[in-house]
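Visitor: I would like to learn how to read a helix in a protein model. Could you walk me through one?

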Amino acid sequence: MKGLVIKNTGSWYTVLTDDGSTVDCKIKGNFRIKGIRSTNPVAVGDRVTISSPSTGGGQEGVWITEIEDRRNYIIRKSINLSKQSHILAANVDQALLVVTVVKPETSTTFIDRFLASAEAYSVSVILLFNKTDLLNEDEQRYQQMMMNLYETVGYECHAISAEKGDGVEELRPLLEGKVTLLSGNSGVGKSTLINRLVPNANLRTADISDAHQTGMHTTTFSEMIPLDVQCSMFNEPKGWLIDTPGIKGFGTFDMEKEELTSYFKEIFEFSKQCRFSDCTHTHEPGCAVLKAVEDHYIAQSRYQSYLSMLEDKDENKYREAF
């Protein structure tokens, strides 16, 4: 029996089978995929084969026995276990990265790391700047500056207020017919946004910690939510939103230094003009990237993010809250 993994609680995987039923499944403790050491070898969005329910035992004893080849996925280094990865979602059409200028502030390093990882696995990203209703004039100018930066690089950006509903309806055409991963730091308003887009989803939300201006986790597991929750599961929904727990850091996984340049769009373009084909863009003479940074054609923040990812071979670096 085949189906789609629509929820991962850490202990169980809920699979929407091709006949429209949902089945809770487990995986064997030694389940591995193509040598990838992962904290979750099966991810939301995976197409899988499951065993038949045990005779007379209901759904007990149902196992995921096989995973179909993925066309892409978003992966990051696990915060808990060195040299292991955590797959956020598989087989996605796009990602919405929700970021905020205040309450909490999303760092450009976090944004750039997410974007580079998405580039590495061929996932397009749209940036959503949320909580615009909370911004004063200076913060509005800073947000517009950030949006201009990422739009210049080549990323679509939208300013929204999930709390007030501002700009949310304009997102619907971007989501229809697609599987969309929703990600971001804890507290940026992902659950509030989903409740706006899918009113019957009824996801829990929480206030920001006053002490640290950081988000508190309300989503504790990954789940695929159909955009039209009242549709019959026998019918193909209009699209899927993948809700994931908020993340503080985004450690890159399985990226070679010589590949990194191609995951920063503007750095890659200038790198074609470098004197040396193996230029690391850190110190070499005739480096077009360093010249572009000096001339402000490449933003200093983006270049610093590139440098920080070059240093990720340090096994402990990813543990920091980027």
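Visitor: How many of the 13 residues of α1 are buried?

Guide: Keep in mind that this is a predicted model. Here 10 of the 13 residues of α1 are buried, so the helix is largely enclosed by the rest of the structure. Among them are Phe110, Ile111, Phe114 and Leu115.

Visitor: What span should helix α1 have?

Guide: Count 1.5 Å a residue: the 13 residues, 108-120, should span 18 Å. The end C-alpha atoms of α1 are 18 Å apart, which agrees. Just after α1, Ser122 takes a positive phi of about 60°.

Visitor: Which residues touch the most other members of the largest nonpolar core?

Guide: The general idea comes first. In soluble globular proteins, nonpolar side chains tend to be buried together. In this model the largest nonpolar core has 32 residues, and Tyr150 and Leu181 touch the most other members. Elements that each supply at least two residues of this core include β1, α1, α2 and β11. With five residues, α1 gives the most.

Visitor: What does Tyr150 touch?

Guide: Leaving out residues up to four places away in sequence, Tyr150 touches Thr108, Ile111, Asp112 and Leu115, among others. Arg302 is also one of its contacts.

Visitor: Is Arg302 buried or exposed?

Guide: Arg302 is buried in helix α8, residues 300-310. Other buried residues of α8 include Tyr303, Tyr306 and Met309.

Notes
Residues are numbered from 1 along each chain as its sequence is written. This is a predicted model: local features need pLDDT of at least 70, side-chain atom pairs count only at pLDDT 80 or more; totals for chains, interfaces and linings use all residues. Side-chain values use heavy atoms; hydrogens and water are left out. Helices (H or I, at least four residues) and strands (E, at least two) are DSSP runs, numbered from the N terminus. The expected span of a helix is 1.5 Å times one less than its number of residues. Buried means under 20% relative accessible area, exposed over 50%, partly exposed in between (1.4 Å probe, protein chains only). A nonpolar core is a set of buried Ala, Val, Leu, Ile, Met, Phe, Trp, Tyr and Cys residues joined through side-chain atoms within 4.5 Å. Contact means heavy atoms within 4.5 Å.
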